[in-house]
Every structure is written in C-alpha cells, then in structure tokens.
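Please look over the sequence and the three-dimensional structure before reading on. The report below takes up a few parts in turn.

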Amino acid sequence: MYKKIYLRKGKEESLLRFHPWIFSGAISHTSEELTDGELAEVYAADGHFLAVGHFQLGTIAVRVLSFAQETIDTDFWRRKLSSALQVREALGLVDHPDNNTFRLVHGEGDNLPGLVVDCYGTMAVMQAHSVGMHLARHDIARALVDVMGERVSSVFYKSETTLPFLDGADHENGFLYGKNGGDIAIENGLQFHVDWQRGQKTGFFIDQRENRSLLEKYASGRRVLNMCCYTGGFSFYAMRGGARLVHSVDSSAKAIELTNRNVALNFPEDTRHEAFCDDAFKYLEKSGGKYDLIILDPPAFAKHRGAIRNALKGYIRLNGKALEKIESGGILFTFSCSQVVTKDQFRSAVFTAAAQAHRQVRILHQLHQPADHPVNIYHPEGEYLKGLVLYVE
C-alpha cells in the first residue's frame, strides 16, 4: 500500500517503546524513492512491521502516526480528532460558559506529530509543523468539521512560518472552511482579541492559561511588570486580581497595540495600566525598582541544541536583572518555552541569577504547560514549557 522504509539492525528499539520519531541515521534503505511528506511504512531489519508515518527530509526522517498497520485516511483523522476532543471534554474545557479557548490538538501529545489545532470560540486555527500534515490539511479540516460539528464555523490554516522549506508548493495562510469566526475569544471570563491571521503562534499563547490564573491570586495591591507581554494576557489577569498598577513591556509595537486593545476590552479607561515598547534588558536597566511582582515570559531563547549555551546565558542575564530590581517581598514569575532547555537547566540558570544578584529566593511553585497541551509519556521532549514562581526577600 505505502512505500517501505527499512531500519538498520537494532534501530527499532525506540519504536518498540512507542517513541514517535525516527531519525535519518536509523534508516538502512527504502523500497522506492520517497518524497517529502509522503506516507510510508516502517519495518525492522528482519522485515517485521513497526509503524506508519510521514517521511520528511532532515534529521527527523519519520513522524509516526500509528504503530498499527492501517490506512491513513479521513476516517483515521476523525478517530484521532475525536480522541483529542474527548480529552478536552474530560478537562471541562469544551462548551464552558467562561472559556471558549483551548488547544484541541497538541502534536505528539495527541499522537498527531506535526499538527496543532487551537480553538477560539467557533474559529479553529490549524498549524502544520511537517510537510506531511501540510499535504493532509484538507482531509484534516474536513474531519475536524465532522468531529466538532456546530462548535466550529471556520477553519483557518496558518503555517507559513512553521513549515520546513516546501519547493513549489502552495502553503499560504488562508481559510480551509468557512470565512470568519470572529476575533474575540474568552478565557476564564476575560475577553481578548486574537490576531490569528498575523499574530505569533496561532494568535494567543493558550499554554499560559493556568499560570495566568495563578498570577491573578498574587496580584492584589502589587505593582506589576509584565515583561515580553505580547498580547497582555498576564496584564489583564493582574488587573482583575486587584493590582495597584500594571506596566506591560514588549519590543514589538504591534504587541503593545494588541495589549492596549485587550486591556481596554476588559478594563475600559482604567488608569492602572500603561504599556511601553522597549527592549526588555534596557527597560529593566532603567527601572527604579518600583515593582513587587514581575513576569518574565520571553520568546524561546533556544530553538535547537546548538543554541542552548547562549540561551542559558540569556536566562541568567534576564532573571538576574529582574532580581536586582524587584522590591523586597516581591514575587517573580519566570518562564522558558525552549523545548531543548530542560527543567534542571532552566532552574540552574535562575539559581545562578539569584546568586549573582545576592538575593534570598524561595521557590513557591514549579509551573508547566496545561493539560490541553499533554505530554506523550513516550515522548518526554513534548514537555517544553517550564516556569518558577519565586519569593524574593
């Protein structure tokens, strides 16, 4: 049915442990020449079947879709999407009056490597991180509409910035189904504009939902600095939590504009909030130490293993500067979203920053991604978001 990939002797061990990636060095030969994104069956050196998945050029040569010998068709996509939906229903995220924003598909965490689907009200934003998922986008969209029913009125495809190089193929952003699902979504009773057409990721960082709720509980009476604020999520949670003042900072003017719109949507004419377009390090350098709650949620400092060393230096510098400036008795929420940076490495970087700043620090919480961004137990690399909440004396 599909072309065949044969592994070198002994290279099937990771697949027997259900890890969903096959690296190029594990491949012995193929039955025929394979094109980028093509479906293929994988066999051990002795000829027994192991998996079926998308072949791709590069270090990760196959992303496994199934460890059973089955056809990957619309019915397959329906079953996988239905399974993902059941998880979100069990979490209470679907059809909730105060929340219509959640991640429906989280790549390997939902046994669909290379695919992300985020729901904002009746708008579903689909993102492909592999050529194979890109080629299957229309079948996936049809299956998504079948599974979600009236919960989805539009499916927007947004993969221009996430796809590997695809020669001569149409991979522009655009609607696969419907025309418009609106640009305002609800998270825990708060509203926000979603720039799902031009914004980062799918338009909003859904993975910080529970961490934003935690911050709200610490915000009362505090002077809050939301650094690398993007759409201002932490800012309007802090305001609802009773913060005395909230300052949002981002190097992107578009992010500051969106933050101001989101704050106004929830707290019109509230004078507690002010936004600044500035570099994080420069802003902290000139800060007069007037904050007693700081959020550090920078973009990924390392997107590949070769950048880890510089990334850790960046985390040390950024956290060190915040720890120098924060008032005694302050709370620091600090994060890393770099998949290749481990929890221990990030914690060590923050430890180093605290020591260099000569501050006494206690860990109050160790944070991670929410349950609608599940981690496949056989794919620990999926645990990308890590964070710490610190009490600074």
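## Basis of the report

This is a predicted model, in which local features need pLDDT of at least 70 and side-chain atom pairs count only at pLDDT 80 or more, while totals for chains, interfaces and linings use all residues. Residues are numbered from 1 along each chain as its sequence is written, and side-chain values use heavy atoms, with hydrogens and water left out.

## Helix α9 and its cover

Helices (H or I, at least four residues) and strands (E, at least two) are DSSP runs numbered from the N terminus, and contact means heavy atoms within 4.5 Å.

Helix α9 (residues 308-325) has 18 residues and reaches 26 Å from its first C-alpha to its last, close to the 26 Å expected at 1.5 Å a residue, where the expected span is 1.5 Å times one less than the number of residues.

## Helix α4

In helix α4 (residues 137-148), the end C-alpha atoms are 16 Å apart, which agrees with the 16 Å that its 12 residues should span at 1.5 Å a residue. R137, I140, A141, A143, L144, V145, V147 and M148 are buried in α4, and the helix is followed by G149, whose phi is positive, near 60°.

## The five-stranded sheet

An open sheet of five strands runs in the order β7-β8-β9-β10-β11, with mixed pairing; two strands pair if DSSP finds at least two bridges between them. Because β7 (101-106) and β11 (174-177) stand at the edges with a single partner strand each, one side of each is left without a neighbour in the sheet.

Within this sheet, β8 (residues 115-120) and β9 (residues 123-128) run antiparallel and are joined by six bridges, and L115 has A128 in β9 as its bridge partner.

## T231 in its loop

T231 lies in the loop between β14 (223-227) and α6. Is T231 buried or exposed? T231 is buried, with a relative accessible area of 3%, and, leaving aside its neighbours within four places in sequence, T231 is in contact with G203, F204, F236, L258, T259 and N262.

Technical notes
Buried means under 20% relative accessible area, exposed over 50%, partly exposed in between (1.4 Å probe, protein chains only).
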